[in-house]
Amino acid sequence: MAASTTAPAEAQHTNAHIDPAAQVADAGFVPVQTRSERPHSYDPDDFGAPTGREVNWKHTPIAQLTPLFTPAVANEGVTYAFASGEQYLSGPLGIGTAPRGEVFLPEDITAAVAWQGGAEALHVRIPREEEVAEPVFVTVTGAGAEQRADAHIVIEALEHSVATVVLQHKGSASYAQNVEIIVRDGAKLTVVTVQQWEDDAVHAAAHQARVGSDATLKHFVVSFGGGLVRVNPSVELAGSGSEGYLYGLSYADAGQHLESQVYLHHKGPHTTGDVLYKGALQGASAHSVWIGDVLIGPDATGTDSYEANRNLVLTEGARADSIPNLEIETGDIVGAGHASATGRFDDEQLFYLQARGIPEEEARRLVVLGFLTDIVQRLGIPTLEAELLSAIEAELAEVNA
């Protein structure tokens, strides 16, 4: 579809404060509960600082995010480097330059801050009908936990193109990030974001995508490192026959907070969606949060959708919050469902392995690997799969030490 040459930022600003908790306190209004009803604005001041009572913030340690509530001044906290695929880097996109803003509408303060602070958006553009054989690897490296940075990144796959784009995050920073994903008609795009930050990093990211007719998006969130990592993907299956596959993998250690709030909106007819996030947790105060919202709109006839979250708690003191939500606004669907499960090791699996002579420590290792490898193998990128399996092995070595 044609894009406007200016982002409708001013049109999104409101005079009233749009913090739902403030509305309750000040005017007695019922707070926003569903993802589709959340307010949007390009202006951070319209949101105000979160209090922790808002539905989208109540599981997040707000104090650690405070540096991200105002735009970065120097904005030099991270660097970007292409390990491959630099030829697909297009010119930077300022605010108001298409296709920036064609899809993205900030729905919380950190996304609005990243919009304002990321004055020139990185633009990865896959040409029409081109099939990119090797993944485009972009490494984002933080200069230190005390460094602040904001960014807006646009990944655009033109009609009938095929590509994979990987964002790898390393080092440390206080980083507010937006990723705007546009999948044109007939395109097939895979986007992978890997968080392997140092333990003191703070990373809040909003990924928003629109998928056109007969197009497919595979989206992966892989979070291992960082003190607080919050990556919230939102995908709109806008065109007839569009498909969205949203997968996630996390491994939280002591003191880590790893969070994803997932939104899948079936808007067009005959769309297909699959959401599967898996996480493992170990160590005191290790915390993961997964909130999954699926909306099947009134025109999304013939929809087939399913979402699930599975968590494996490996030690005492770890906590996983898992909240699936499903809204259906049409009765003409193929199927829809959701599931959530959090638990410890399956004693029957351990008994089965130990009964065959496998020591308990090795049996536990095999169970965890089998649980998490399911997501890793869906990537289809051998080098990255090997790297992540090694990272899982390293985590398991710590819990068994």
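Partly exposed, on this tour, covers relative accessible areas between the two cut-offs: under 20% is buried and over 50% is exposed. Keep in mind that the model is predicted.

**Stop 1**

Select Arg365 and Glu393. Their side chains form a salt bridge, with 2.7 Å from N to O. Arg365 sits in helix α6 (residues 360-376) and Glu393 in helix α7 (residues 382-400), so the bridge ties together parts 28 residues apart in sequence. Now colour by accessibility. Arg365 has a relative accessible area of 22%, so this residue is partly exposed. Glu393, at 29%, is partly exposed as well.

**Stop 2**

Move to Glu107 and Arg35. Here the side chains meet in a salt bridge of 2.8 Å, N to O. The two residues belong to distant parts of the chain, 72 residues apart. Glu107 is in the loop between β2 (89-94) and α4 (109-117). Arg35 is in the loop between α2 (20-27) and α3 (62-65).

**Stop 3: a buried pair**

Next, select Arg148 and Asp150. A salt bridge joins their side chains, at 2.8 Å from N to O. Arg148 and Asp150 are both buried.

**Stop 4: a network**

Now select Glu102, Arg125, Glu156 and Arg184 together. Which interactions join them into one network? Salt bridges that share partners do.

Centre the view on Glu156. This residue lies in strand β4 (residues 136-157). Its relative accessibility is 5%, so Glu156 counts as buried.

The side chains of Glu156 and His123 are joined by a polar contact of 3.0 Å.

Then show what surrounds Glu156. Leaving out residues up to four places away in sequence, Glu156 touches these:

- Pro99, His123 and Val124
- Arg125 and Ile126
- Ile182 and Arg184

**Last view: the whole model**

Zoom out and display every salt bridge. How many are there? The count comes to 17, with a side-chain nitrogen of Lys or Arg within 4 Å of a carboxyl oxygen of Asp or Glu as the rule.

Technical notes: Residues numbered from 1 in each chain as written. Predicted model: local features only at pLDDT ≥ 70, side-chain atom pairs only at ≥ 80, totals over all residues. Heavy atoms only, no water. Helix = DSSP H or I, 4+ residues; strand = E, 2+ residues; numbered from the N terminus. Buried < 20%, exposed > 50% of the residue type's maximum accessible area, 1.4 Å probe, protein only. Polar contact = N/O pair within 3.5 Å; in protein donor to acceptor, adjacent residues only side chain to side chain. Contact = heavy atoms within 4.5 Å.
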